[in-house]
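Trainee: Could you walk me through this one, residue by residue and then across the chains?
Mentor: Gladly, let's look together.

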Amino acid sequence: MTTKRDCIVTIELGTNAVRVLAFDIAGTMIGSLKGSYPTFHSQPDYSEQDPEQIFITMLYVLKNLLTEQIHPKKYKVNCICFSASMHSVLAIDKKGVPLGNAITWADNRGKKEAQELNRSPLSKKFYQATGTPIHPMSPLVKIKWMKNHEKEQFAKTSKFISIKTYIIQQLTGEYLIDYSLASATGLMNIQQMKWDTDALYYAGIKTDRLPTLAPVFASPGPFKKEYQTLLGLTSSTKILLGSSDGCLATIGSGVWGDSKAVVTIEDSGAVRVIGNKIMRDEKRRLFNYVITENCYVFGGPTNNGGLIFEWFANQFGYFNRPFDLEHSIGELISEAEKVEAGSGGLLFLPYLLGERAPIWNPNAKGVYFGVNIKHERQHFIRATIEGILYEIYSISKLLEEHRAIKSLAVHGSFATIPFCTQLLADICNKPVSLRKNSDSVAFGTFLLSATEMGIYKNLAEAVKAVPTPELYTPQKQQHSNYMKYFKIFERLSTKLADEFEDISDLQ
Amino acid sequence: MNQFLLQQGSSKELNAFPHIIEFALKKNTSIHLDSFRSGASDHIRLFYIIDGKFDWQIQQKPYSLYPDDLAIILPGQTLGSDKGYLDIGSLCWLHLDTYPASTGSKIQTGEMSTVRKILDLNAMPVVSKFRDAGNIFQDLKSELFNQHLGFHTRTNALIDQLFILLARVLTQQNNLQRDFPQAFLKLENTLRSSLSHQWTVEEMAGLVGLGSTAFTERVKGFTGFSPLNYLITIRISEAIKLLKRQDINVTDIALETGFYSSQHFATTFKKLTGYTPSQFRKNIISQNNLQ
């Protein structure tokens, strides 16, 4: 009789899709599948997802992965661990039934609530206690919005939970949230590691209307019998709560300790570092998210990543075949390569979706600046890419007010386009490392599970075992070139605040 | 072409074609007040502009029509002009009592239902620069007036052709052919709004403006599922919501969410969730109760 080999399955409940991956104990990926679900925008600032569709998509993908790729190869699923995007809120009634759709991180309906709170002295107190910047993305603000605008639904809501809490509850029956996701709600006190009384009072709720807090290594118990049968699992498969996509991408990129930052650029982007202390930013521009006690991820998010270049490609790229965005992007990149660094003085502010760090201005807009008669189409292409990366640089510069950053680890579909990675190295003037296996969120989830299983002594050791070869070296000359333009970029992004607000009112 | 007017019942040219209500070409050289008030009819009305500019209201929305434009007014939709009269110019029209039906048409039933779906869901009643339609109108006229050998087959074939070309043009006009996620979201909303319909891959592909093979490949890459499996995730997630509501019976849920029967629903539901619909309703609700 052959003995079954152990494996770990990771489930990422992402912004657009669920990704299910399987790893063997050594960390080699042995299977992966994804299934996407839509985001609905019933009104301009709204961004919602159907919790049942996410659940059924997750279940369908997990079942297909297990029955097609894992069970036939005689693997035993040792552990299943979750990650999810941050800041989602789902209201459920006393029977646990969702009251409408889940509100995602990208939802801006609480703009006014956020603005008011930001002007009040409470905001400083809340930021210090919870580590989450005051912004419409924050569940604190979203719940407050519901209290103000959806009184009936607010009254009917027995719990406000995250999408991940809902999915895990469906599978196991337990209402739990891990410290990581909870620390991104603006409702958890990250020093005391419990729900923050003042923030809850402001939102108009008590602890019983939130899920129970638990460590990232905690287990909600096994899947319900019916799901075990469906998936061909037994009660010996351990289920782990896991963490958030941002925190797991950070450790999955092999970043631990002070000197290294992670740059993520997918549709949106972020720059993050890990440390053992909570970081205080006087101007409240950076987030502090918890992984475990004494382990914090801090950094700044941007709304405007690869999605902005996709927008550009859709408007101005060449299309030979319908919907062939990949090809169009490839062509644009090779055109951009022919233009000198700095795009001949053409600057682009990429704030098409408003902006979070570092300017935290939901009214910010896109700007092409400095256009002259000599500029051609390809200058606009390169300027667009440079603008997106200047924005990343401005976040890393902000982080450097608190940490010395010696090198960058990069992941995400936009950041890992070789042209963009080199540009990033040049603009930031730092060496850049890339992991071969680019799915950092899943790999971080694997590291977390492997640590829980005792394969690594602790998270630090797990992360340090990740090889991070430095593949891109900065070109000094280019960097000083970019810095001349970046100075103007930086000034423009704050200087235009009044005009951004006026034009927002007109749009 | 000269002016003509063929009407069902009074023009012998239409004797063999009971589905053609009216076929005409008009050169409007003067303004007749109160001659073109807004109104709906039970017929499918197609107008092809030959000359001039026409300002019309279709379903209470203003449209300007120029030469070579084709307007499609479906049964029950309103057409008229704010000014109450027909502008000066030339135009040709064809009124049919139904979509090409089994009697004269050679379009396969499945393809016809796709064409109908595309026309029904079409938000743009005017197709601009649609010269092919003009050629078909011209051929149609010579078939009906000359009645040469085979005119019966040819006339019906021309009408078939007009609808097929129209459906193709509409699917291409309906999207920019660039942003797939956006086109797919539009499709998703359409699917959700008529979930009880038995969607085929051809219909879905048509709405996005792709052939079925290219569509299937795109959907697979984008969603991870084949189009029909993706549709199942929507059907089941809607079914779960209805099951949790308790006030609608399982058979009604099955039909409302697009399953052939409650048996088909139960099998699919069990395969995906591990529960039969009624088990799911019973167990999940009792286990989840927070009180």
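**A loop residue in chain B**

Mentor: Q147(B) counts as partly exposed because its relative accessibility is 35%, where buried means under 20% relative accessible area, exposed over 50% and partly exposed in between (1.4 Å probe, protein chains only). As for ground rules, this is a predicted model in which local features need pLDDT of at least 70 and side-chain atom pairs count only at pLDDT 80 or more, while totals for chains, interfaces and linings use all residues. Residues are numbered from 1 along each chain as its sequence is written, chains are lettered from A and ligands numbered from 1 in the order in which they are written, and side-chain values use heavy atoms, with hydrogens and water left out.

Trainee: What phi does Q147(B) have?
Mentor: Start with where Q147(B) lies: the loop between α2 (131-146) and α3 (151-173) of chain B. Helices (H or I, at least four residues) and strands (E, at least two) are DSSP runs, numbered from the N terminus. Most residues other than glycine have a negative phi. Q147(B) is not a glycine, yet its phi is positive, at about 50°.

Trainee: Is D68(B) buried or exposed?
Mentor: D68(B) is another non-glycine residue with a positive phi, about 75°. Its place is the loop between β6 (61-65) and β7 (70-73) of chain B. Because its relative accessibility is 15%, D68(B) counts as buried.

Trainee: Which peptide bond is cis, and what is its omega?
Mentor: Most peptide bonds are trans. Look at P358(A), in the loop between β18 (347-350) and β19 (366-369) of chain A. The bond from A357(A) to P358(A) is cis, with omega near -5°.

Trainee: Which backbone oxygen does the side chain of N118(A) reach?
Mentor: N118(A) sits in helix α2 (residues 111-119) of chain A and counts as partly exposed because its relative accessibility is 33%. Leaving out residues up to four places away in sequence, N118(A) touches S123(A), I134(A) and R284(A), contact meaning heavy atoms within 4.5 Å. At 3.2 Å, its side chain reaches the backbone oxygen of I134(A).

Trainee: Why does S396(A) count as buried?
Mentor: S396(A) belongs to helix α13 (residues 377-400) of chain A. Beyond residues up to four places away in sequence, S396(A) touches V271(A), I405(A) and C428(A). It counts as buried because its relative accessibility is 1%.

Trainee: How much area do chain A and chain B bury between them?
Mentor: The contact takes 43 residues from chain A and 43 residues from chain B. I56(A), Y60(A) and F323(A) supply 23% of the area that chain A buries against chain B, more than any other three residues. Buried area is the accessible area (1.4 Å probe) that two parts lose on being put together, summed over both. Here 55% of it is on carbon and sulfur atoms, and the total is about 3600 Å².

Trainee: How many salt bridges are there between chain A and chain B?
Mentor: A salt bridge is a side-chain nitrogen of Lys or Arg within 4 Å of a carboxyl oxygen of Asp or Glu. The side chains of R218(B) and E326(A) meet in one (4.0 Å, N to O). The count between the two chains is 5.

Trainee: Which element gives the largest share of the side of chain A that touches chain B?
Mentor: The elements that give two or more residues to that side are β3 (29-36), α1 (51-70), α6 (163-172), α9 (225-231) and α11 (306-316) of chain A. The largest share, 8 residues, comes from α1(A).

Notes:
A polar contact is a pair of N or O atoms within 3.5 Å; within protein, one must be able to donate a hydrogen and the other to accept it, and residues adjacent in sequence count only if both atoms are side-chain atoms.
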